[in-house]
Every structure is written in structure tokens, then in C-alpha cells.
Amino acid sequence: MFSNIKIKYQPPAATFCCWLIVVFSLVLTPYAHAEQNKSQYEELRINLDLKEIPLTSVAAEIQKQTGYTVILSESLVTVPVTGQYKDVTVDNFFTRVLRGKNISILSDESEKIIIVKAFGDKIIARQGSVSLEKLSKLVPNMDITLEELQ
């Protein structure tokens with residue numbers, strides 16, 4: 001009656017290895033996908049060698065290197081920047097340069113815009129760099145001024 005039943009013996013080490021593979025697959029899979037899903041903005045890298053250069057001029061150089069328009073809030077326009085920045089992300093650059101200031105960095109990949117704004121400031125953009133309509137969509141309820149910046 002039970003002659004057709006075959007019992008296959010699996011050593012404990014083989015079972016343990018199988019379970020270990022399953023657990024690692026479940027744990028590490030989200031991290032692998034997170035690396036693949038990085039945005040284009042997060043991958044932007046720049047190289048700068050600066051000595052007391054106003055952040056507005058630095059923003060123009062970042063635009064040349066990345067193709068993204070950089071828009072600054074009012075109090076950040078004249079911040080002097082000094083240092084060598086080799087192969088750093090744009091986000092890391094602004095975080096380092098503006099350490100101690102209450103800033104937020106917004107980006108829009110479809111419009112290729114980076115906005116760096118200090119809390120409570122109005123945004124100042126170069127005329128012709130981006131439309132007021134686009135900026136208003138990106139940062140609603142913000143005071144935005146289009147000016148000629150040197």
C-alpha cells in the first residue's frame with residue numbers, strides 16, 4: 001500500500017543554503033531596483049575649481065556642464081564660493097556650499113531645471129532661462145522675479 005512512496009533525504013546543510021538564498025533574494029532585491037531607478041538628476045556630476053566666485057556665476061557653469069538651468073533664491077545669488085569640487089553630484093555640491101543655510105533643492109527632469117531656495121526667500125531667475133509659468137508650477141505660492149543677472 002505504501003510501496004510507491006519514496007522518501008528523499010536532504011542533508012540539513014542543503015536545506016539551510018536554499019533558505020538562505022531565498023531570504024537574501026527577498027532582502028536585497030529592493031536595493032538592486034533602487035539603484036536602477038536613480039533619476040538623471042541624481043547622477044549629474046560636476047567639476048569646479050572656484051575662488052570667491054558668486055553662486056550666480058557658478059550656477060551658469062553648472063548649466064554649461066549639465067544642461068540644467070539653475071535657479072537660485074534671492075539671498076543665495078551673491079554667496080561667494082571657494083573650493084575644488086571634483087566629480088561631485090550637483091545635490092552634494094549645493095549641500096556642501098550652502099551648509100548652515102536652511103535650503104531646499106528642487107529639480108524637474110522634464111524641464112531640466114534645478115531650483116535652490118532658502119527658506120522664506122523669493123526666487124530670482126534669469127530672463128529667458130525659464131518661463132514664469134513653468135516656475136509657478138514647480139514652486140506654487142512663491143514670490144518669483146525674472147531679472148537680468150550678470
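Biologist: Which class does D91 fall into: buried, exposed or partly exposed?
Modeller: D91 lies in helix α4; helices (H or I, at least four residues) and strands (E, at least two) are DSSP runs, numbered from the N terminus. Buried means under 20% relative accessible area, exposed over 50%, and partly exposed in between, with a 1.4 Å probe and protein chains only. The relative accessibility of D91 is 35%, so this residue counts as partly exposed.

Biologist: What kind of model is this?
Modeller: Residues are numbered from 1 along each chain as its sequence is written, and side-chain values use heavy atoms, with hydrogens and water left out. Local features need pLDDT of at least 70, side-chain atom pairs count only at pLDDT 80 or more, and totals for chains, interfaces and linings use all residues; the model is predicted.

Biologist: In what order do the elements of the chain run?
Modeller: The chain holds five helices and seven strands. Read from the N terminus on, their order is α-α-β-α-β-β-α-β-β-β-α-β.

Biologist: How far apart are the end C-alpha atoms of helix α3?
Modeller: Helix α3 covers residues 55-66, which makes 12 residues. The expected span of a helix is 1.5 Å times one less than its number of residues. For α3 that gives 16 Å, which agrees with the distance between its end C-alpha atoms, 16 Å.

Biologist: Within what arc do the buried residues of α3 fall?
Modeller: L55, T56, V58, A59, I62 and T66 are the buried residues of α3. The arc is that of the directions from the helix axis to the C-beta atoms. Seen down the axis of α3, the buried residues line one face of the helix, because their arc is 155 degrees.

Biologist: Which residue just after α3 has a positive phi?
Modeller: The phi in question is about 85 degrees. The residue that takes it is G67.

Biologist: Which residues touch the most other members of the largest nonpolar core?
Modeller: A nonpolar core is a set of buried Ala, Val, Leu, Ile, Met, Phe, Trp, Tyr and Cys residues joined through side-chain atoms within 4.5 Å. The largest one has 25 residues, and those touching the most other members are L55, I62, L72, F93 and F94. At least two residues of this core come from each of β1 (45-54), α3, β2 (69-73), β3 (80-89), α4 (90-97) and β5 (113-118). To repeat the names asked for, they are L55, I62, L72, F93 and F94.

Biologist: What does F94 touch, leaving out residues up to four places away in sequence?
Modeller: Contact means heavy atoms within 4.5 Å. On that basis the partners of F94 are L55, I62, V70, L72, I103, I105 and V116.

Biologist: Which residues do the ring pairs link into a cluster?
Modeller: Rings of Phe, Tyr and Trp (its six-membered ring) pair if their centres lie within 6.5 Å; planes under 30 degrees apart count as stacked, over 60 as edge-to-face and the rest as tilted, and the whole structure has two aromatic pairs. Y85 and F93 have ring centres 4.9 Å apart and planes at 85 degrees, so they are edge-to-face. F93 and F94, at 5.2 Å and 70 degrees, are therefore edge-to-face too. The cluster linked by ring pairs consists of Y85, F93 and F94.

Biologist: Within what arc do the buried residues of α4 fall?
Modeller: The buried residues in α4 are V90, F93, F94 and V97. Seen down the axis of α4, they line one face of the helix, because their arc is 90 degrees.

Biologist: What is the phi of D87?
Modeller: D87 is in strand β3 and, at 47% relative accessibility, counts as partly exposed. D87 is not a glycine, although its phi is positive, at about 50 degrees.

Biologist: Where is K112 found?
Modeller: K112 is not a glycine, yet its phi is positive, about 55 degrees. Its relative accessible area is 32%, so K112 is partly exposed. Its place is the loop between β4 (103-108) and β5.

Biologist: With which residues is K86 in contact, leaving aside neighbours within four places in sequence?
Modeller: K86 is found in strand β3, and its 53% relative accessibility means that it counts as exposed. K86 and I46 are 40 residues apart in sequence and 6.7 Å apart in space, C-alpha to C-alpha. The contacts of K86 are I46 and N47.
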